[in-house]
Amino acid sequence: MKFFIDTANLEQIKEAQAMGILDGVTTNPSLMAKEGISGDENVLNHYKAICEIVDGDVSAEVIATDYEGMIKEGEMLAALHPQIVVKVPITENGIKAIKYLSGKNIRTNCTLIFSTGQALLAAKAGATYVSPFIGRLDDNSTDGIKLIEQIVDFFNYYGYETQVLAASIRNTMHIIRCLEVGADVATCPLSAIKGLLNHPLTDIGLAQFLADHKRVNNK
Ligand code: G3P
């Protein structure tokens, strides 16, 4: 399973990259706004800065909601850097735009997926990734991981090449469950990635090892 970081914060991206476990980055307009990035030029420069930090795919989302606007913005984003994947919301215009962009060999990430039907349309249009939002489904008393499992199963059964990118991950358990059900990618906040490091027995064990070493080496 690939590991993406779900942020537009350059310091966090650098920190995850420095750990050597990062396969890519996802952003969205809310994450860009959180970093205070505004204005077309600043937004484009920020995407380029992210691409300079990581080796893998970087999802950059279109703001336009009309078909013409989506494909114009998508082509502009894709031309920015070879690592850019154009993120497009699952709407009727979004599906048409994904079909157009995939026909031009521009990679796409169909976002805001909350059902298998939406994932089916995105896959048929040629999306490189679909992004089902686990946490937001869980927030609404619906099992987000179950949706990941259903989409993985039907993509495998019918041989769709579209990758399942589990998004809206909130905690380490979401990541482990994504592994269990066969998600291709998990995009996670840095806190959840680093949370995987934690276990009290590791802390106790390390303290014991160091104490024993000190006991016999400080004589
Ligand atoms: O990748 C989508 C993600 O950023 C949404 O996460 O926590 O706002 O539901 P969240």
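The structure is a predicted model, in which local features need pLDDT of at least 70 and side-chain atom pairs count only at pLDDT 80 or more, while totals for chains, interfaces and linings use all residues. Residues are numbered from 1 along each chain as its sequence is written, and side-chain values use heavy atoms, with hydrogens and water left out.

I begin with the chain as a whole. The protein chain has eleven helices and eight strands; these are DSSP runs, H or I of at least four residues for helices and E of at least two for strands, numbered from the N terminus. The C-alpha trace spans about 75 × 40 × 30 Å along its principal axes. Of the 219 residues, 47% are buried, where buried means under 20% relative accessible area, exposed over 50%, and partly exposed in between, with a 1.4 Å probe and protein chains only. The accessible surface is about 11,300 Å², and carbon and sulfur atoms hold 52% of that surface; areas come from the Shrake-Rupley method with a 1.4 Å probe, and for residues only the protein chains shown count as cover. Among contacts (heavy atoms within 4.5 Å) with a separation of 6 or more, 57% join residues 24 or more positions apart.

Next, a helix. Helix α4 covers residues 67-80, has 14 residues, and reaches 20 Å from its first C-alpha to its last, close to the 20 Å expected at 1.5 Å a residue; the expected span is 1.5 Å times one less than the number of residues. The buried residues in α4 are Gly69, Met70, Ile71, Glu73, Gly74, Leu77 and Leu80. What covers these residues? The cover includes helices α3 (40-53) and α5 (92-103), together with strands β3 (57-61) and β4 (84-89).

Strand β3 also holds Ser59, which is buried, with a relative accessible area of 1%. Beyond four places away in sequence, Ser59 touches Val25, Thr26, Thr27, Tyr47, Val85, Lys87 and Asn109.

Thr111 belongs to strand β5, residues 108-113. Is Thr111 buried or exposed? Thr111 is buried, with a relative accessible area of 1%. Its contacts, again not counting residues up to four places away in sequence, are Glu61, Lys87, Val88, Pro89, Ile90, Ser131 and Phe133. Thr111 and Glu61 are 50 residues apart in sequence, yet their C-alpha atoms are 8.8 Å apart in space.

I turn to aromatic rings. The whole structure contains seven aromatic pairs. Rings of Phe, Tyr and Trp (its six-membered ring) pair if their centres lie within 6.5 Å; planes under 30 degrees apart are stacked, over 60 edge-to-face, and the rest tilted. For Phe4 and Tyr129, the centres are 6.0 Å apart and the planes at 75°, so the pair is edge-to-face. Phe4 is in strand β1 and Tyr129 in strand β6 (residues 129-132), so this pair ties together parts 125 residues apart in sequence. Phe4 and Tyr129 are both buried. The rings of Phe154 and Phe155 have centres 4.9 Å apart and planes at 85°, so they too are edge-to-face.

Finally, the surface. Met1, which precedes β1 (2-6), is partly exposed, with a relative accessible area of 39%. Together with Met173, Ile176, Leu179 and Leu196, Met1 forms a nonpolar surface patch of about 430 Å² accessible area.

Note on methods. Patch = residues over 30% accessible without salt bridge, like charges linked within 9 Å, V, L, I, M, F, W, Y side chains within 5 Å. Salt bridge = Lys/Arg side-chain N within 4 Å of Asp/Glu carboxyl O.
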